[in-house]
Amino acid sequence: MKFGKIYHENCIDTLQRLPDDMIDMTITSPPYDDLRVYNGYIFPVEEIAKALFAKTKPGGVVLWVVGDRTVNGDETLTSFKHAFAFREAGLTSTTR
Ligand SMILES: C[S@@+](CC[C@H](N)C(=O)[O-])C[C@H]1O[C@@H](n2cnc3c(N)ncnc32)[C@H](O)[C@@H]1O
């Protein structure tokens, strides 16, 4: 893989080609709550969380920008589901 090159592809494929403990910081705003049209695409947050955990250096950072849709006055709590997926994968709010 080349530094400074944009890989327009499924991030799972990109992460699989990276060595472990390589990433210093990830900043991303993934899909959530069908706020955009994804034609039934299910975003594999658990799989991506596991891959990001493996590829992020000890002390590395993941900035994951998601929100919650409000449906009938109630929030979906998708952001919480994503947070728990990262916790399950091994990331914590203090250390990697
Ligand atoms: C919430 S949008 C954010 C896009 C951009 N950051 C913006 O502000 O316009 C989520 C983006 O993630 C992309 N995406 C969804 N699943 C992906 C995947 N597995 N790998 C890479 N990109 C993905 C979608 O195509 C979409 O462009």
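Reader: Why is Asp-20 called partly exposed?

Author: Its relative accessible area is 48%. Buried means under 20% and exposed over 50%, with partly exposed in between (1.4 Å probe, protein chains only), so Asp-20 lands in the middle class.

Reader: And what am I looking at here?

Author: This is a predicted model, where local features need pLDDT of at least 70 and side-chain atom pairs count only at pLDDT 80 or more, while totals for chains, interfaces and linings use all residues. Residues are numbered from 1 along each chain as its sequence is written, and side-chain values use heavy atoms, leaving out hydrogens and water.

Reader: What makes Asp-20 and Lys-55 a salt bridge?

Author: The label asks for a side-chain nitrogen of Lys or Arg within 4 Å of a carboxyl oxygen of Asp or Glu. For Asp-20 and Lys-55 the closest N and O atoms are 3.0 Å apart, so the pair qualifies. Asp-20 sits in the loop between helix 1 (11-17) and strand 1 (23-28), and Lys-55 in helix 2 (residues 45-55), so the bridge ties together parts that are 35 residues apart in sequence.

Reader: How do you know which class Lys-55 belongs to, buried or exposed?

Author: Lys-55 has 11% relative accessibility, so it counts as buried.

Reader: What makes Asp-24 and Lys-57 a salt bridge?

Author: Their side chains meet at 2.9 Å, N to O, so the pair passes the distance test. This one links distant parts of the chain too: Asp-24 is in strand 1 and Lys-57 in strand 2 (residues 56-64), 33 residues apart. As for Lys-57, its 31% relative accessibility makes it partly exposed.

Reader: How many salt bridges does a search of the whole structure find?

Author: Three. Besides those two, there's Glu-9 with Arg-17, at 2.8 Å from N to O. Glu-9, at 34%, counts as partly exposed, and so does Arg-17, at 43%.

Reader: Which helices and strands does the protein chain have, and what makes a stretch one or the other?

Author: There are three helices and four strands, running α-β-α-β-β-β-α from the N terminus on. They are DSSP runs, numbered from the N terminus: helices are H or I with at least four residues, strands E with at least two.

Reader: How much of the protein chain counts as buried?

Author: Of its 96 residues, 29% do.
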